[in-house]
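Hello,

Could you take a look at the structure below when you have a moment? My notes on it follow.

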Amino acid sequence: MSTDPAPAAARADDVLRLVDPAGTLDERAAAGMLDVTGELVRGLYRDMVLGRRFDQEAYSLQRQGELGLWLMSLGQEAAQAGSIRALRADDRVFPSYREHVAALCRGISPTELLSQWRGASHGSWDPERYHFHIYSLVLATQTLHAVGYAMGVRYDAADSVVLTYFGDGASSQGDASEALNWAAVTSAPIVFFCQNNGWAISTPASKQYAGPLSGRAKGFGLDAVSVDGNDVLAVHAATRAMVERVRAGGPPGLIEAHTYRMSGHSTSDDPKRYRDHAELARWEAHDPVERVRLLLTARGWADEDYFATVASDAEELATRTRGECRALPEPSLSDTFRNTLCEETEALRREREGFETYLESFL
């Protein structure tokens, strides 16, 4: 079983691509869609490099027993950086569980990102501060949460937009279809962003559905586009255009970003058991980070000093990530009693105190 690199981008005219794998910018396609500047491309490149290095460090920490689990974002950096940078700071984001690049772009720290995976908390950042909800590990639940929040935005007569991330595997869940339908019926100001990485753990996309997800969204009444998810500029342009249409009162939309999960589904998964090396090699030739590096070099928008600085910043982030991970406090089981309900009831207080007395008996 295999999936073809950038399948839609390679074969269909209706899939947006602005930069090819060799780093060549299609200026004709970009004209009128995006003002491509060196500053923009350098910023997106830095986001992707730092996000990839953070992800690699977290993977190593898990392998060394410092994290209980980790879900990698390797290969999906363009889809995340390009989309999150198209939003306003007050636009609300509902992620799934591997949007680490997007989270870093929103200012969430390594401590906050790793705490849940170390078992130190159930969700360690304040969604109100970052306008970025905590991770949802149950497939597609965040899509319904996002629609509900977007309905609230509409009722408040605010002009912010909600964006929710999900994968091709999550699209097979009933919650996703319900969310698409309810968003269309209520004209909720929301953009669904599907990172179609070709695999739902070990199930290829060809075994999940027969038609493109963008077509399914149109069937529900949403605006929908397909984009080369390994092309950060195409993702950025498509997301910005759709977000602004929704913000202006247009129908909710869906973006299907064709990308590839270059690692396993998680650190508990061995992708070599269900996909071959040749498939990975084909997709490595479409690496989203290398594509931007080639563009920057060809255009003269960055020199070796710039690339060295970004690499140094990435290593500093990795060092910080390791230090902050190991400094996370051990969780207290007593907090389970306190956090079961919004306010600790008398019955829970008695149970907690009884538990704490029991623990003290071992001292």
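Histidine 131 is partly exposed, with a relative accessible area of 24% (buried means under 20%, exposed over 50% and partly exposed in between, using a 1.4 Å probe and protein chains only). Please keep in mind that this is a predicted model, in which local features need pLDDT of at least 70 and side-chain atom pairs count only at pLDDT 80 or more, while totals for chains, interfaces and linings use all residues. Residues are numbered from 1 along each chain as its sequence is written, and side-chain values use heavy atoms, leaving out hydrogens and water.

Back to histidine 131: its phi is positive, about 55°, although this residue is not a glycine. Most residues other than glycine have a negative phi. Histidine 131 sits in the loop between helix 7 and helix 8 (141-155); helices (H or I, at least four residues) and strands (E, at least two) are DSSP runs numbered from the N terminus. That loop between helix 7 and helix 8 also holds alanine 140, another residue other than glycine with a positive phi, near 75°. Alanine 140 is buried, at a relative accessible area of 1%.

**Salt bridges**

How many salt bridges are there by this rule, a side-chain nitrogen of Lys or Arg within 4 Å of a carboxyl oxygen of Asp or Glu? The count comes to 29.

Arginine 92 and glutamate 128 meet through their side chains, at 3.1 Å from N to O. This pair links distant parts of the chain, as arginine 92 belongs to strand 2 (residues 92-94) and glutamate 128 to helix 7 (residues 127-130), 36 residues apart. Arginine 92 is buried, with a relative accessible area of 5%.

Arginine 320 pairs with glutamate 324 in a salt bridge whose closest N and O atoms are 2.5 Å apart. Both residues lie in helix 14 (residues 304-326), with 4 residues, about one turn of the helix, between their positions.

The chain is divided into domain 1 (19-331) and domain 2 (333-362), with bounds from an automatic or database domain assignment. Their C-alpha centres lie 38 Å apart.

In helix 12 (residues 277-284), Glu279, Leu280 and Trp283 are buried. They are on the same side of helix 12 because they cover an arc of only 95° around the axis, taken from the directions from the helix axis to the C-beta atoms.

**Cavities**

The structure holds 2 cavities of 30 Å³ or more. A cavity is a set of points, on a 1 Å grid over the protein atoms alone, where a 1.4 Å probe fits but cannot get out, and its lining residues have an atom within 4 Å of a point. Points are joined across faces, edges and corners, and the volume is the space filled by probe spheres set on them.

The largest cavity has a volume of about 40 Å³. Its lining consists of Phe166, Ser171, Ala176, Ser177, Leu180, Leu213 and Arg216.

Helix 11 (232-247) and helix 13 (288-299) each provide at least two lining residues, with the largest share, 4 residues, coming from helix 13.

Definitions and conventions: On a 1 Å grid over the protein atoms alone, a cavity is a set of points where a 1.4 Å probe fits but cannot get out, and a pocket is an open set with protein on both sides within 12 Å along at least five of seven lines; lining residues have an atom within 4 Å of a point.
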